[in-house]
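Student: I have a sequence and its model open on my screen. Could you walk me through some of the local features?

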Amino acid sequence: MERIVDLDEAAAEVAGRTPGWRTTGLTVGPVTWRDEAAPWPQRLETDRSLVNDPDSVGVLISGPAEAELSVMLFRGGWADVDYVVGMDDAGALPASGIASAREFGVQLDSWVTHVFGQLP
């Protein structure tokens, strides 16, 4: 897989936002890593040092009324973004053409707003 996005920088984008999200009442799970070189099925690791060749980084964010946002960014510049706000509002959000960790951070902000509303 082509290396377009630096996943360590993307993880830093998540880490930089985590305190603010938690202040607004969101629950932020640990950042998870997947190692492309690991045998199938590849496990998600929370310890970056256990991953030699990361091909994705992800996070699960939960909020009020069981709302959830799951984001898994792949180094090739796309993400799997799934959300649940309620019984009638769940699905996947578009997430392709991400060219940098900074762009990922901007997208991440928009996904969080989509799921949890405008945060203070």
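Predicted model: local features only at pLDDT ≥ 70, side-chain atom pairs only at ≥ 80, totals over all residues.

Student: Where does Pro 41 lie?

Tutor: Residues are numbered from 1 along each chain as its sequence is written, and side-chain values use heavy atoms, with hydrogens and water left out. Helices (H or I, at least four residues) and strands (E, at least two) are DSSP runs numbered from the N terminus. A cis peptide bond, with omega about -5 degrees, joins Trp 40 and Pro 41, and Pro 41 lies in the loop between strand S2 (32–35) and strand S3 (44–45).

Student: Is Ala 65 buried or exposed?

Tutor: Ala 65 sits in the loop between strand S4 (54–62) and strand S5 (68–74), and it has a positive phi of about 55 degrees although it is not a glycine. Buried means under 20% relative accessible area, exposed over 50%, and partly exposed in between (1.4 Å probe, protein chains only). Because its relative accessibility is 70%, Ala 65 counts as exposed.

Student: What is the phi of Glu 66?

Tutor: Glu 66 lies in the loop between S4 and S5. At 71% relative accessibility, Glu 66 counts as exposed. Although Glu 66 is not a glycine, its phi is positive, about 65 degrees.

Student: How far apart are the end C-alpha atoms of helix H2?

Tutor: The expected span of a helix is 1.5 Å times one less than its number of residues. For the 16 residues of H2 (residues 101–116), that gives 22 Å, and this agrees with the distance between its end C-alpha atoms, 22 Å.

Student: Within what arc do the buried residues of H2 fall?

Tutor: An α-helix has 3.6 residues a turn, so residues three or four places apart point the same way. In H2, the buried residues include Phe 104, Leu 108, Trp 111 and Val 115. The buried residues line one face of the helix, because seen down the axis of H2 they fall within an arc (of the directions from the helix axis to the C-beta atoms) of 125 degrees.

Student: Which side chain does the side chain of Arg 75 make a polar contact with?

Tutor: Arg 75 is in the loop between S5 and S6, and its relative accessible area of 2% means that it is buried. A polar contact is a pair of N or O atoms within 3.5 Å; within protein, one must be able to donate a hydrogen and the other to accept it, and residues adjacent in sequence count only if both atoms are side-chain atoms. At 2.8 Å, the partner of the Arg 75 side chain is that of Asp 53.
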